[in-house]
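Hi everyone, thanks for coming.

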Amino acid sequence: MLYSPAMILRSNLPRLRQSALGADRVLDVGGWYQPFNLATHVIDLCPCETRRVQDALDPEDPERFAAATWTVADVCSPPWPYPDKSFDFVLCSNLLEDVRDPLAVCRELNRVGRAGYIETPSRLREIFAKSAPGPLGRWRGRAPEVGFYHHRWFVELDGTHLRFTAKTAALMERRHNYLTRRGLGRKLTEAESGLGLFWQGGFTFEEVFADPRAEYPDYRRKALAALRR
């Protein structure tokens with residue numbers, strides 16, 4: 001649906017494929033950018049014929065979906081055109097951090113799916129700068145590229161509970177709001193960079209409202225301490 005990063009938690013792909021292979025009906029939510037070939041159905045804002053075939057999550061698998069099972073729709077405008085619990089497995093990978101109403105998407109995932117997998121970049125990845133501008137860039141006032149500039153939400157996971165906090169421009173207002181590779185002394189690992197949730201039966205979710213002037217630096221301080229341990 002939107003331009004998202006590639007699947008971060010590649011280590012989860014074997015389990016994802018196994019779950020889909022054992023399911024008769026599989027829905028890929030927002031699957032245009034990186035189609036999941038083992039999905040039998042797709043819902044996305046973009047049409048099937050424009051999908052990025054070359055960037056499929058599982059290029060080794062033949063496509064199970066077809067134009068007839070590809071629904072063009074805004075996933076933030078429920079209800080989706082599927083009955084309750086009509087899918088054995090539902091995939092939503094690297095989408096929730098992008099969309100204007102992730103809570104609406106989560107409600108529909110719970111409604112139409114019996115089980116599924118959700119993936120987003122972790123909040124750590126969204127406040128991490130992989131590289132910093134060189135001397136000339138700093139002289140010109142260039143800021144480091146922190147996280148993914150187009151994402152709207154920080155996403156955190158506690159068990160099977162998702163928390164969404166708005167990602168605002170305040171992130172870049174203070175150096176103590178974000179992490180750098182130089183400050184941490186290393187790259188983030190795959191596990192630190194992504195958030196993955198395999199769920200069965202349902203999951204819970206909420207939007208968290210926070211004052212970024214206090215919450216952003218507090219999160220960064222606690223995260224840095226945990227990473228260094």
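**Rings and core**

So, how many aromatic pairs are there? The count comes to 8, where rings of Phe, Tyr and Trp (its six-membered ring) pair if their centres lie within 6.5 Å, with planes under 30 degrees apart called stacked, over 60 edge-to-face and the rest tilted. Take Phe154 and Tyr216: their ring centres are 5.6 Å apart and their planes stand at 80 degrees, so this pair is edge-to-face. The two residues are 62 apart in the chain, Phe154 in strand β7 and Tyr216 in helix α7 (residues 212-228); helices (H or I, at least four residues) and strands (E, at least two) are DSSP runs, numbered from the N terminus. Both Phe154 and Tyr216 are buried, meaning under 20% relative accessible area with a 1.4 Å probe, protein chains only.

Phe154 also has the charged end of Arg123 over its ring, 4.4 Å from the centre; the rule is NZ of Lys or CZ of Arg within 6 Å of the ring centre and within 35 degrees of the ring normal.

A quick word on the model: it is predicted, local features need pLDDT of at least 70, side-chain atom pairs count only at pLDDT 80 or more, and totals for chains, interfaces and linings use all residues. Residues are numbered from 1 along each chain as its sequence is written, and side-chain values use heavy atoms, without hydrogens and water.

Now the core. The largest nonpolar one (buried Ala, Val, Leu, Ile, Met, Phe, Trp, Tyr and Cys joined through side-chain atoms within 4.5 Å) has 28 residues. Its largest share, 5 residues, comes from α2.

Technical notes
Buried < 20%, exposed > 50% of the residue type's maximum accessible area, 1.4 Å probe, protein only.
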